[in-house]
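Visitor: I would like to go through this model with you. Could you put it up first?

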Amino acid sequence: MINPRKAAIIGCGFVGSSIAFSLMQRGLFSQLVLLDVNHAKAEGEAMDLSHGLPYAASMDLYAGTYDDVADCALIIITAGANQKPGETRLDLIGKNIGILRSIIPEISRRGFEGILMVVSNPVDVLTYAAWRLSGFPAHRVIGSGTVLDTARLKQLLGQHLRVDSRNVHAFIIGEHGDSELAVWSSANISGIDLEHFCALRGCSDPRDAMERLYQGVRDSAYEIIARKGATYYGIAMAVRRIAECIIKDEQSVLPVSVVLQGEYGLDGLCLSIPSILGKNGLEKVLEIPLDRRETDALTGSAAQLRQVIRQLSL
């Protein structure tokens, strides 16, 4: 029996604890379980967070074990090695696949029937690995994908155009990493074509600005890591948004990492693609219009990830 108001976070590092803090403030769940290979760390985080509950929504927040996850509506996996300065997300594969191999069987043998969300990097590869290792239906296994990258694009574009970033409608899709791409062909500001809005704002060379903004999004994690060692606040808010879509059955569209089964002519891998999210997890993968350049870039991103996946022996 699934408890729709219960979630678990596996991994209590910077990312996992920041997600717990964000979820606690939102009040989405009545129970939140924290798990970590270092149980004392999970206990410490649970204690620290619980001390703020008098100023937040009522919640049972505690450190637990895998026996506590069976009835969760959502399990969020953040456990894994951190990305170091100069290291790409794909460089983390060997370490984090090993960690995933120890986590997934523990979840599966408890009869878990909820939604599994992978946040650890490289998220697209690990989401695919979680799907294969778990044997769960594809709609129940998603990754945080490019939801954060898309937020970064909206924020930078809004800043550049001097407009509220919540009025910016654009996606980053493909790999959550160096081969990701911005879908400029359908980007708009509250329904106004992006290039037209740029003209209204007096932007003399929108194409050049778009390229600089895209590079800023793609490289932002490296820039943050170089300055403070890790990124965690932005991804915590992105994960909270995904969780909200699922728990509230919003049927909202977000570019999460999903198992592709023929969409865009691709299969046998996970990529970050705009998808409808609801109580069943993945409700529908959307094949949004892409121009030729974007189609080629998505195909190239998929080819890079497929080559990596073939080496995993899943």
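Visitor: Is Tyr232 buried or exposed?
Guide: Tyr232 is buried, its relative accessible area being 13%; buried means under 20% relative accessible area, exposed over 50% and partly exposed in between, with a 1.4 Å probe and protein chains only. This is a predicted model, in which local features need pLDDT of at least 70, side-chain atom pairs count only at pLDDT 80 or more, and totals for chains, interfaces and linings use all residues. Residues are numbered from 1 along each chain as its sequence is written, and side-chain values use heavy atoms, with hydrogens and water left out.

Visitor: And Tyr233, buried or exposed?
Guide: Tyr233 is exposed, with a relative accessible area of 55%.

Visitor: How many aromatic pairs are there in the whole structure?
Guide: The search finds 4 aromatic pairs. In one of them, the ring centres of Tyr232 and Tyr233 are 4.7 Å apart and the planes lie at 70°, so this pair is edge-to-face. Rings of Phe, Tyr and Trp (its six-membered ring) pair if their centres lie within 6.5 Å; planes under 30 degrees apart count as stacked, over 60 as edge-to-face and the rest as tilted.

Visitor: Which residues do ring pairs link into a cluster with Tyr232?
Guide: Phe14 and Tyr233 are linked with Tyr232 in that cluster.

Visitor: Which residue lies over the face of Tyr232?
Guide: Lys228 does, at 3.9 Å from the ring centre. The criterion is NZ of Lys or CZ of Arg within 6 Å of the ring centre and within 35 degrees of the ring normal. Arg140 likewise lies over the face of Phe136, at 4.3 Å from the ring centre.
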